[in-house]
Amino acid sequence: MTTTTDAAAGPFDPLPARPGKVVAVHINYPSRAAQRGRTPAVPSYFLKPSTSLSASGAAIERPHGTELLAFEGEIAIVIGSEARRVSPEDAWIHVSHVTASNDFGVYDLRWADKGSNLRSKGGDGFTPVGPALIDAREIDPAALRLRTWVNGALVQEDSTATLLFPLGLLVADVSQLVTLEPGDVILTGTPAGASVVQPGDVVEVEVDVPGGPSSGRLVTHVVQGDAPLPSFSAQPRIDDDQRSEAWGSREAAGLPPETNGALTAQLRAKLEAAPVAGLSAQLRKRGLNNVTIDGVRANRSGTKLVGIAKTLRFVPGREDLFASHGGGYNAQKRAFDAVQPGEVIVIEARGERGSGTLGDVLVLRAQARGAAGIVTDGGVRDYETVAGIDIPVFSSGAHPAVLGRKHVPWDVDVTIGCGGTTVQPGDVIVGDGDGVIVIPSGLVEEVVDAALAQEDEDAYVAEQVRAGHPVDGLFPMNDEWKARYRAWRQTR
């Protein structure tokens with residue numbers, strides 16, 4: 001059953017009353033988590049004032065002097081009866097309705113209150129809801145569809161079947177913190193596709209059960225505000241990172257591809273051509289000796305590994321800690337779900353070979369995500385199967401035991417120790433038959449160019465040795481041989 005109200009009603013229409021609380025979830029759709037490059041282990045929230053609510057057909061002002069007003073189509077849960085410390089299994093009986101909502105935000109003001117989001121998301125009219133309520137008793141909360149249109153073009157579409165945290169779990173979780181009262185609203189997250197809108201744009205959001213009840217289209221008109229923020233208030237402030245997040249990607253924001261810490265195609269090709277031994281020699285010349293990940297070898301011979309480090313840390317196995325951190329959506333699963341194309345998952349297992357640190361399923365997940373490879377100083381389960389998967393994996397060898405025997409998955413994207421060396425997120429990882437080396441990102445171009453130049457010299461030396469020349473004066477080259485080498489280079 002769908003309930004509608006008089007179109008001339010006030011800003012809290014179609015809600016039964018002015019809610020005491022509007023609770024919003026930060027990230028809840030896998031598509032949005034992938035876009036943001038982080039997947040939460042548990043839901044996190046912020047509060048929006050009830051004065052931010054508005055009805056369908058209302059206008060939203062883009063504040064004077066700002067650039068990045070972004071929409072986020074969402075499903076809103078309306079609480080029907082008091083809920084305090086309820087279980088996920090019992091939570092849905094406390095929900096009376098669901099409807100469409102739009103969690104607007106001004107990224108220009110995030111710097112001043114990031115986390116609380118009051119300035120960026122709490123403005124009057126920044127939370128449209130409606131236009132109709134769907135009876136929660138008549139639907140499966142895992143079967144709802146969310147769609148958003150901008151100027152008639154579909155820009156968001158997803159289903160509650162994909163949620164990281166199901167709707168009932170959100171109600172249960174919030175009820176552990178505060179008493180949910182009749183009329184309270186929970187905004188349940190937005191999928192990928194949220195982006196920036198301009199004055200004159202029209203944003204529409206609809207929640208429905210395909211072939212069943214619908215909220216109708218929640219319509220919001222974007223207009224330009226003309227009242228400058230007073231000098232005593234936080235002023236708009238943006239950078240390219242905020243533009244990228246607001247638009248959804250650097251490409252959508254009209255920005256050039258990210259190069260900070262990333263490998264260009266040209267640099268990647270150089271690293272693929274440079275042997276680890278040669279890179280090690282060049283790092284040693286620059287005072288870096290402790291940069292090899294010792295004790296690891298490729299599961300498949302002839303493997304070359306090049307990528308950017310994404311780190312995962314295991315701590316020593318302890319039964320109580322594994323009970324709290326080992327199950328569910330743990331750090332290990334989060335790392336493999338969030339790895340980006342071109343990244344190498346580097347695992348700190350403290351050189352402990354008495355347990356597997358990953359198996360074929362996680363290797364397949366890394367491959368599907370476009371990861372450049374995996375390095376662990378621990379063991380690998382399903383070793384022969386993993387060797388047949390087309391992704392480089394370097395490890396200390398095979399072990400059949402599951403994770404809980406020796407390790408507890410602890411955290412991701414932190415500085416770790418792997419194979420006796422320190423690895424930081426963003427370091428460049430290169431591996432071949434001689435092992436794996438870690439290159440600080442700021443040195444990589446200099447080091448690889450020098451290594452390739454040295455490879456060229458070494459190829460010349462090898463050619464002379466094969467021709468019968470003694471190594472004295474040739475390896476390393478004296479001035480005479482250097483002159484001959486330069487002349488040889490000019491002929492190539």
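**Figure 1. Helices α6 and α12 are oblique to each other.** In this predicted model, helix α6 spans residues 265-273 and helix α12 spans residues 444-466. The two helices pack at an angle of about 45°, and their axes lie 10 Å apart. Because angles under 35 degrees count as roughly parallel and those from 65 to 115 as roughly perpendicular, an angle between these ranges is classed as oblique. The crossing of α6 and α12 is left-handed. On the α6 side the contact is made by L267, K270, L271 and A273, and on the α12 side by V444, E445, V448, D449 and L452. By residue class, the contact of α6 with α12 comprises six nonpolar residues, three charged residues and no polar ones.

**Figure 2. Helix α12 also meets helix α13, which is formed by residues 479-490.** Two packed helices are described by the angle between their axes and the distance between the axes. For α12 and α13, the axes come within 11 Å and cross at roughly 105°. This makes α12 roughly perpendicular to α13. From α12, the residues A453, D456, E457, Y460, E463 and Q464 take part. Their counterparts in α13 are W481, R484, Y485, W488 and R489. The residues of this contact divide into five nonpolar, five charged and one polar.

**Figure 3. Five strands form an open sheet with mixed pairing.** The order of the strands is β5-β17-β16-β12-β13. The edges are formed by β5 (residues 59-62) and β13, each of which pairs on one side only. From one strand to the next, the twist averages 20°. Strands of a sheet pair through backbone hydrogen bonds, either parallel or antiparallel.

**Figure 4. Strands β12 and β13 run antiparallel and are joined by six bridges.** T148 has Q156 in β13 as its bridge partner. The strands form a hairpin with two residues between them. N151 is found in the loop between β12 (residues 145-150) and β13 (residues 153-159). Although N151 is not a glycine, it has a positive phi of about 50°. N151 is partly exposed, with a relative accessible area of 47%; this value falls between the limits of under 20% for buried and over 50% for exposed residues.

**Figure 5. A143 lies in the loop between β11 and β12.** At a relative accessibility of 30%, A143 counts as partly exposed. A143 and V209 are separated by 66 residues in sequence, yet their C-alpha atoms are 6.3 Å apart in space. When neighbours within four places in sequence are left aside, A143 is in contact with T160, D208, V209 and P210.

**Figure 6. A cis peptide bond joins G130 and P131.** The omega angle of this bond is about 5°. P131 is found in the loop between β10 (residues 127-128) and β11 (residues 132-135).

**Figure 7. D382 has a positive phi in a residue other than glycine.** The value of phi at D382 is near 55°. D382 belongs to the loop between β22 (residues 373-376) and α11 (residues 383-387). With a relative accessible area of 32%, D382 is partly exposed.

Figure 8. Taken along the principal axes, the C-alpha atoms fill a box of roughly 95 × 55 × 45 Å. Of the 492 residues in the protein, 50% are buried. Among contacts with a separation of 6 or more, 77% are accounted for by residues 24 or more positions apart.

Technical notes: Residues are numbered from 1 along each chain as its sequence is written. This is a predicted model: local features need pLDDT of at least 70, side-chain atom pairs count only at pLDDT 80 or more; totals for chains, interfaces and linings use all residues. Side-chain values use heavy atoms; hydrogens and water are left out. Helices (H or I, at least four residues) and strands (E, at least two) are DSSP runs, numbered from the N terminus. Buried means under 20% relative accessible area, exposed over 50%, partly exposed in between (1.4 Å probe, protein chains only). Two strands pair if DSSP finds at least two bridges between them. Axes are lines fitted to C-alpha atoms, for helices over the stretch in contact, and angles run from 0 to 180 degrees between N-to-C directions. Angles under 35 degrees count as roughly parallel, over 145 as roughly antiparallel, 65 to 115 as roughly perpendicular and the rest as oblique. A crossing is left-handed if the near helix is turned anticlockwise from the far one by less than a right angle, and right-handed if clockwise. Contact means heavy atoms within 4.5 Å. Ala, Val, Leu, Ile, Met, Phe, Trp, Tyr, Cys and Pro count as nonpolar, Asp, Glu, Lys and Arg as charged, and the others, Gly among them, as polar.
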